[in-house]
Amino acid sequence: MKKIIRYAVSFLLLATVSCNLDYFPSDALTPEQLSKDPGGAIYITDGNYSMFKDEYEYKGLYASGNTYIRHYMQMTEYPSDNVTLSGRTTDPLYEATVYRTNNTLKNVSTVWWLGYRIILGANSVIENVQDGASVESDHIKGENYFLRAITHLHLVTLYAKPYSHGRDNQGIILRTSTNTMEASFATVGKVYDQIAEDLLRAIQLMSTGSRRGNAGYVSKEAAQGLLSRVYLYMDKNQEVVDLVTDEMLNGASPESKLEPTASYPSYFANALSSKETLWAIAHTSLETKGQSSIASMYINDGMGWGEVFSSDPLNNLYERYPQDVRYTSYVIPKYDSDGSAMMISWPVESAGGDDFRTNELRDVEYDAISRKYFFTEGSQNINVETETVNGYPQHYITSDGKKHDVRLTRKMQHRNSFPLYYISKFSYQDQDPMLSSPVMLRWGEVLLNRAEAYAKLGKDSEALADVNVIRQRAGLSGDALFTTRNFREKGYESALDVVLDERRLELAFEGHRMFDLYRNKKDMDRRFAGVQPWEIVKYDDPKIQYPIPFDETSVK
């Protein structure tokens with residue numbers, strides 16, 4: 001019976017379509033009912049959580065795969081330098097990948113539309129549940145402050161310029177009540193101020209209660225963790241340090257908050273029960289999406305499409321220390337059946353005259369005398385040479401009078417010339433290759449938030465100490481760890497650059513990379529093989545933000 005009520009309430013509450021036409025149907029729970037029975041807010045709150053993952057039909061467009069979380073993960077990760085799309089597709093993920101978005105795309109419209117559905121549901125609880133009625137009702141209200149905050153954060157980071165580019169830039173519509181008659185846009189600064197205020201309120205309300213279940217529900221610690229991200233984005237670096245050190249850790253060791261090295265390879269498949277997870281979007285085994293899942297583009301294990309791979313630049317970074325468990329566990333190279341064969345690959349201009357690069361692939365043999373790999377071009381043997389760049393080996397060949405950096409690997413399977421490096425961070429929950437509970441917030445990020453804040457405060461030793469905690473958890477030691485003496489020898493100009501690379505390694509595919517570069521006013525180098533323009537995307541290029549959906553701007 002409770003389940004029926006929950007779904008009925010969430011459906012009735014969220015039955016409308018346009019952001020500017022939000023209203024409460026007459027047969028939904030009323031403010032008076034919520035006031036008298038705060039327990040009813042649980043069902044609305046659970047409906048709010050569900051909107052992050054459930055499939056919805058938007059304006060007659062097909063519902064399959066049309067979920068907030070799938071679009072969000074693709075819109076944040078695919079424009080980065082972490083992944084390689086191996087072919088064109090009619091899915092709107094393509095436009096996100098190549099920065100050719102427009103205001104009528106399904107992903108652009110759906111995330112906006114569902115985002116404000118979630119905010120509306122959160123506002124209904126915030127407005128109508130009285131403070132202090134019970135520990136439980138305060139906690140439920142705190143959860144909704146968190147949900148309102150994170151959804152506003154998602155929207156302002158996608159549809160507006162980064163905070164660091166100016167507080168007075170146009171932001172998004174700020175919704176802090178169920179009265180949707182006004183639809184004016186707030187500045188970026190005002191939106192961030194409200195997000196921080198909401199999280200402080202969430203922390204206060206959830207301070208005496210406990211999380212309602214697994215990590216699919218938020219808690220005081222989750223609100224603190226998200227606030228550390230918000231403060232970091234706002235360049236409030238001392239506040240980040242104080243929050244993480246004094247309030248979140250409060251004397252505990254950073255290591256104690258992380259999933260141990262031994263179990264980290266299965267962390268994402270078991271994220272809901274891990275101490276590291278602050279919040280994940282919970283999916284049960286009955287909610288697997290098959291080919292419409294996030295995993296389906298990253299892996300082909302039974303039914304996935306397997307068309308998006310780990311990029312060459314990211315693989316190169318991982319392979320500086322190939323024993324890194326983040327690489328060995330979550331990047332899956334698909335080798336050819338001949339286990340002894342080797343190959344090289346390097347990017348070349350597309351034969352079709354497109355503005356992207358495909359790969360040139362060559363099988364290579366080993367010459368025991370010269371101790372070099374080579375291939376034969378006509379009557380000439382071309383050797384694979386090796387040089388040291390920033391303390392790490394780099395392979396290259398010289399062909400047609402040009403030097404080409406190459407990747408030397410075991411012979412691999414490929415699609416359209418792109419070697420298959422599958423990604424499994426969104427797979428294997430309950431042994432289902434298409435199922436996961438996507439992690440939205442975890443301790444690994446929180447520690448790296450503090451590391452970045454330390455670096456910006458000029459506290460390099462403290463920043464590198466946090467980085468090393470993360471690296472040690474990844475199974476690295478000795479020379480693989482950073483000191484204030486060796487990071488420049490490894491090619492880094494600053495401790496901040498070390499932190500940003502570590503964020504890339506640790507948080508790869510989780511939707512952080514694009515924001516991490518652009519908010520730090522760093523360009524995105526996408527000059528690697530893949531179906532994206534061969535270019536450097538400038539941090540201030542207007543195309544780094546998604547357009548406000550046409551359905552929003554066209555309503556008067």
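A charge is taken to sit over a ring if NZ of Lys or CZ of Arg is within 6 Å of the ring centre and within 35 degrees of the ring normal. The structure is a predicted model, in which local features need pLDDT of at least 70 and side-chain atom pairs count only at pLDDT 80 or more, whereas totals for chains, interfaces and linings use all residues. Residues are numbered from 1 along each chain as its sequence is written, and side-chain values use heavy atoms, with hydrogens and water left out.

By the charge criterion, the charged end of arginine 357 sits over the ring of tryptophan 534, 4.4 Å from its centre, and that of lysine 403 sits over the ring of tyrosine 396, 4.6 Å from its centre.

Rings of Phe, Tyr and Trp (its six-membered ring) were paired if their centres lie within 6.5 Å, with planes under 30 degrees apart counted as stacked, over 60 as edge-to-face and the rest as tilted; the count comes to 27 aromatic pairs. One of these, between tyrosine 298 and phenylalanine 509, is tilted, at 6.2 Å centre to centre and 55° between the planes. Because tyrosine 298 lies in the loop between strand 4 (277-280) and strand 5 (308-310) and phenylalanine 509 in the loop between helix 15 (495-506) and helix 16 (513-519), the pair ties together parts that are 211 residues apart in sequence; helices (H or I, at least four residues) and strands (E, at least two) are DSSP runs, numbered from the N terminus. Tyrosine 298 is buried, with a relative accessible area of 1%, and phenylalanine 509 is likewise buried, at 1% (buried means under 20% relative accessible area, exposed over 50%, partly exposed in between, with a 1.4 Å probe and protein chains only).
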